[in-house]
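Subject: Structure for you to look over

Dear colleague,

I am passing on the structure we spoke about, together with some notes on what was found in it. Please open it beside this message and read the notes against it.

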Amino acid sequence: MSWVKRLWGRTGFNWLRAVGVVIVLAVGMSGTAYADEDSDFLAAREAFRSGNSAQLALYAERLKTSVLLPYVQYWALSARLKDASADEIRDFIARNTDSVLSDRLRGDWLRLLGQNQDWQTYRNEYPLLVKTDSSLQCYAVRARLVQGETLALKDGVALWFSGKDLPAACSPLFSQLIADKLISDDDIWQRFRRALEEANPSLVKALITYLPAAQRLDARLIDRATNAPESLLDNRALALDQRGDRELALYAIGRMARKDANTAASKWEGISHRFTPAERHYLWGQLGLFAARQHLPVALNWFERATSEGMNDDLLGWKVRTALRQGNWPTAQSGIDAMSPAARNEPAWRYWLARTYKQQGKLVQANALLAPLSLEHDFYGLLAEEELGPAMGAPAINVKVSSDEVASMGRVADIQRALLLYRLDLRFDANNEWNWATRNYDDRRLLAAAELARQKNWYDRAINTANRTRQLHDFDLRFLAPYRDTAKIYAKQYGLDEAWVYGLMRQESRFVSQAKSGVGASGLMQIMPATARWIAAKLHLRNFQAASIHELDTNMQFGMYYLKTIQQGLDGSAVLATAAYNAGPGRARRWRGNSVMEGAIYAESIPFSETRDYVKKVMYNAVYYARSFGQSNTSLKARLGTIGAAVGTPGCGGEDENAPACDQ
């Protein structure tokens, strides 16, 4: 034994030391290679941005074994796309079908082909494109028309009817269709009206040029109708015997109605006799729409004056919402019945139609709608389930994939590429790569990818990917609860329901701690800068730095303090506070009715589509978090509760009228 010890003493220690050196060197080299790949890729990206093709070629060589190489090659090819051969482009696409870059390059190439009017090549490539846009669609129609395919005329006319700006690539197509009388003057006026409804005066001015000279409007009148509609009508600057001036008058009254539907209706009553029956039906429908959004009971009367001729699915939806607020179930049913089949099939209208049947005692008809709806995992599916009881034959939830399936997913090149881009904080490219990689996955592969994303702390992709399963679901992945140790502290401190807080955070940021919205909101709870300063003052935090709102701890504390503050000022209602968190406490108050209403009806009749969708999703999320956290209050209906009637016009912030969003 002593001999063994002596041998180990002389050689074993040296052997162990040598192995240790090798291990350290290997780890160090691996880390260096890891860092080098990152720095080389970012340097290549900068070389592309600065137009340095020599540097780009250098980094392409250094990254030739990296899964990120397609990006460097794409940048190099994009820089000389006009001079590249079709074979080069097709070769890149064929070699990189596992990357979103293959489709992006094809789109770039198609745009160039359209500009060059190489219609045969365009027609060969366009059907292979996955993600198109309006300019490429217009080129596709032009390619078909040039080659004598008359069926393309119908598609070209369909592209015309949009209230939004369309790219320059569409102008030659539209000019041709107008010259051939396939788009009529009436079609131009219809798009003119849609552009006005979208409050897009720049498009309106562009559309004027398509009209015969005798029908063209003075662009200055369009500006007056936009900025001073009542003044335009009072000054009688419009000749109402002319189609264009009547359209401007309709637009001006619509502009007035956005702020005050009653005043606009009074103005309309005085001049409506000078308009055609179709124009009157249209305008009464618009007045009904704005009155419904302002929660005026008279909206139903105005919708009736519009008749079916002036009603589309959007207006019918607001007719139904107004009827629900008034407890007028027969009118709600008739409104849904008048919708198109596609609209009637939406979860919202299937649910509310079932409710109208229940109100009339037609339980068989109601249950026939509720039963399939209860199998769907959304706000209305959960409400339907609570109307019926637990759904029979519902798809399984919390299906777990194996560690081998997750490990196998981690070896997929396009998934690796997405993860590398995420690590480099190139979130736009990372998300696009991830979405492309998983676009055709079955449920098990989606769950494996979602679990891999969770393990990499890529929470928004984990949630979004798990949300896409059709039959096999893992709600633990759909409703992740990261950072819970910190969240518990502040939820307890401010007396907030933790499940509700998580439901809100999930909707606000998908747990992306560095998330920043287009309007400047930041962090997990999407705090606006002005709100952050207000909260800091309330919390007596001296020397508050705006950058600290990005810190996890500060963002959670500020968000929960603000959420509790607005909840206390809104009767303690989670529904009202959720609406207020998104749209401001002043609006949440004004959206209450003159009598008590169901929380579900309040949510359904929120005028802003973004806030309406937000409230439904937050409250739905909260139910599943409550279940996950072992809470007892897991009924969506109970959480929605009832919304008390509006009482007077209390100040938004109580004694503090400078509270953020009080002026909304």
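This is a predicted model: local features need pLDDT of at least 70, side-chain atom pairs count only at pLDDT 80 or more; totals for chains, interfaces and linings use all residues.

Helix packing

Helix H5, which covers residues 100-115, packs against helix H26, residues 427-437, at an angle of about 105°, and the two axes lie 8 Å apart. Since angles of 65 to 115 degrees count as roughly perpendicular, H5 and H26 are therefore described as roughly perpendicular to each other. On the H5 side the residues that meet the partner are Val100, Leu101, Ser102, Asp103 and Arg104, while H26 contributes Asp429, Asn432, Glu433 and Trp436. Sorted by class, this contact of H5 with H26 has 4 charged, 3 nonpolar and 2 polar residues.

A second pair is formed by helix H16 (residues 277-293) and helix H18 (residues 313-325), whose axes come within 9 Å and cross at roughly 45°. That angle makes H16 oblique to H18, and the crossing of the two helices is left-handed. From H16 the contact draws on Gly285, Gln286, Leu289, Ala292 and Arg293, and from H18 on Asp314, Leu315, Trp318 and Thr322. By class, the contact of H16 with H18 has 4 nonpolar, 3 polar and 2 charged residues.

Helix H7 and its surroundings

Helix H7 runs over residues 134-146, and its 13 residues reach 18 Å from the first C-alpha to the last, close to the 18 Å expected at 1.5 Å a residue. Of these 13 residues, 10 are buried, so H7 is largely enclosed by the rest of the structure. After H7 comes Gly148, whose phi is positive, near 80°.

Two loop residues with positive phi

Asn457 is a residue other than glycine with a positive phi, near 60°, and its place is in the loop between helix H27 (443-455) and helix H28 (459-466). With a relative accessibility of 44%, Asn457 counts as partly exposed.

His540, likewise not a glycine, has a positive phi of about 60°, and it lies in the loop between helix H32 (529-538) and helix H33 (552-568). His540 has a relative accessible area of 69% and is exposed, the cut-off for that term being over 50%.

Leu640

Leaving aside residues up to four places away in sequence, Leu640 touches Phe379, Leu383, Val575, Gly599, Ala600 and Met619. By contrast, Leu203 is 437 residues from Leu640 in sequence and 42 Å from it in space, C-alpha to C-alpha.

With best regards

Technical notes: Residues are numbered from 1 along each chain as its sequence is written. Side-chain values use heavy atoms; hydrogens and water are left out. Axes are lines fitted to C-alpha atoms, for helices over the stretch in contact, and angles run from 0 to 180 degrees between N-to-C directions. Helices (H or I, at least four residues) and strands (E, at least two) are DSSP runs, numbered from the N terminus. Angles under 35 degrees count as roughly parallel, over 145 as roughly antiparallel, 65 to 115 as roughly perpendicular and the rest as oblique. Contact means heavy atoms within 4.5 Å. Ala, Val, Leu, Ile, Met, Phe, Trp, Tyr, Cys and Pro count as nonpolar, Asp, Glu, Lys and Arg as charged, and the others, Gly among them, as polar. The expected span of a helix is 1.5 Å times one less than its number of residues. Buried means under 20% relative accessible area, exposed over 50%, partly exposed in between (1.4 Å probe, protein chains only). A crossing is left-handed if the near helix is turned anticlockwise from the far one by less than a right angle, and right-handed if clockwise.
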